[in-house]
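Open the model in your viewer and keep the selection tool at hand. The stops below say what to select next and what is there.

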Amino acid sequence: RSCRKWSLKDLDIGKKLGEGCFGSVYLAREKESRFVVALKMMVKSEIVSQEAMQQIQREIEIQSHLRHPGLVQLYSYFYDAKRIYLILEYVPKGELSKELARFHHFNNTRTATYLYQLSSAIAYCHQNDVIHRDLKPDNILLGSRGETKIADFGSAVHRPASRFDPHVIRSRRRTAPFGTLDYLAPEVIDPESSYENSVDTWSLGVLTYEMLVGQVPFVGETPQDVANQILSCEPQLPGEFDADAVDLIS
């Protein structure tokens with residue numbers, strides 16, 4: 001039904017599920033089929049004031065073409081005079097960050113299960129020349145069976161379809177900062193470096209550490225302290241880590 005012309009009149013709007021950069025996400029139900037979705041409402045004036053219209057267009061274009069059980073699906077979108085609306089797959093158990101806050105950290109088995117699922121989804125993105133660039137617990141949702149689903153493609157970009165040119169990505173980064181500092185790879189922080197899809201692999205490593213320990217590996221009093229820690233590439237591994245976990249993260 002992606003060719004259908006949607007409007008708010010087609011949907012019953014329920015409770016708020018969360019906040020985004022440019023608006024909010026609500027539980028919604030299509031009136032005819034009673035199919036439950038998540039409706040992301042973004043305020044156009046906020047998007048324009050932050051010069052982010054191209055970013056939103058890129059997010060829609062990328063996410064609408066991806067189909068993988070480990071990625072939140074974008075079913076369709078529409079807009080009116082004041083807002084842009086994304087009709088998204090509803091993922092009922094919420095953010096991984098809330099689950100981490102509840103348990104503080106996960107055991108090896110649960111961490112390995114999540115890592116396997118996330119790696120499969122990211123590998124699919126990379127096979128389709130997409131770099132997510134903002135993997136973190138807030139952008140990972142848990143489905144009804146506890147499976148992970150990667151959300152929020154607002155920072156995602158297409159890797160050039162031809163032979164990879166690092167200068168394309170480097171210049172793009174300089175004009176459009178992205179991601180969350182705690183999860184950024186060293187080559188993203190270093191202004192003289194270029195990067196490719198391995199930045200997502202680095203973020204998966206940070207996530208693995210956080211799931212096992214309960215905090216991110218690089219900490220500091222200021223953002224610059226955190227950046228320096230990341231550039232050193234020497235996370236402090238707790239003594240209780242088993243050998244397999246140390247080997248994986250290292």
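A charge sits over a ring if NZ of Lys or CZ of Arg is within 6 Å of the ring centre and within 35 degrees of the ring normal. This is a predicted model, in which local features need pLDDT of at least 70 and side-chain atom pairs count only at pLDDT 80 or more, while totals for chains, interfaces and linings use all residues. Residues are numbered from 1 along each chain as its sequence is written, and side-chain values use heavy atoms, with hydrogens and water left out.

Select Arg110 to begin. Arg110 lies over the face of Phe103, 5.0 Å from the ring centre. The charged end of Arg110 also sits over the ring of Phe106, at 4.4 Å from its centre.

Now show the aromatic rings. Rings of Phe, Tyr and Trp (its six-membered ring) pair if their centres lie within 6.5 Å; planes under 30 degrees apart count as stacked, over 60 as edge-to-face and the rest as tilted. By this rule there are five aromatic pairs. In one of them, Phe78 and Tyr85, the ring centres are 4.6 Å apart and the planes are at 15°, so the pair is stacked. Phe78 is buried (under 20% relative accessible area; exposed is over 50%, partly exposed in between, with a 1.4 Å probe and protein chains only), because its relative accessibility is 6%. Tyr85, at 1%, is buried too.

Go on to Phe106 and Tyr114. Their ring centres are 5.5 Å apart with planes at 75°, so this pair is edge-to-face. Both residues are buried. Together with Phe103, Phe106 and Tyr114 form one aromatic cluster.

Next, select Asp134. Which feature does UniProt list for Asp134? The unreviewed entry gives "active site"; UniProt positions follow the numbering used here, feature names are shortened, and annotations may be inferred rather than shown by experiment. Asp134 lies in the loop between E6 and E7, where strands (E, at least two residues) and helices (H or I, at least four) are DSSP runs numbered from the N terminus. Asp134 is buried, with a relative accessible area of 10%. Leaving out residues up to four places away in sequence, Asp134 touches Asn139, Ser155, Gly179 and Thr180 (contact means heavy atoms within 4.5 Å).

Last, check two backbone angles. Most residues other than glycine have a negative phi. Arg133, in the loop between strand E6 (130-131) and strand E7 (140-142), has a positive phi near 75°. Arg133 is buried at 4% relative accessibility. Arg34, in the loop between strand E2 (23-30) and strand E3 (36-43), has a positive phi near 65°. Is Arg34 buried or exposed? At 52% relative accessibility, Arg34 is exposed.
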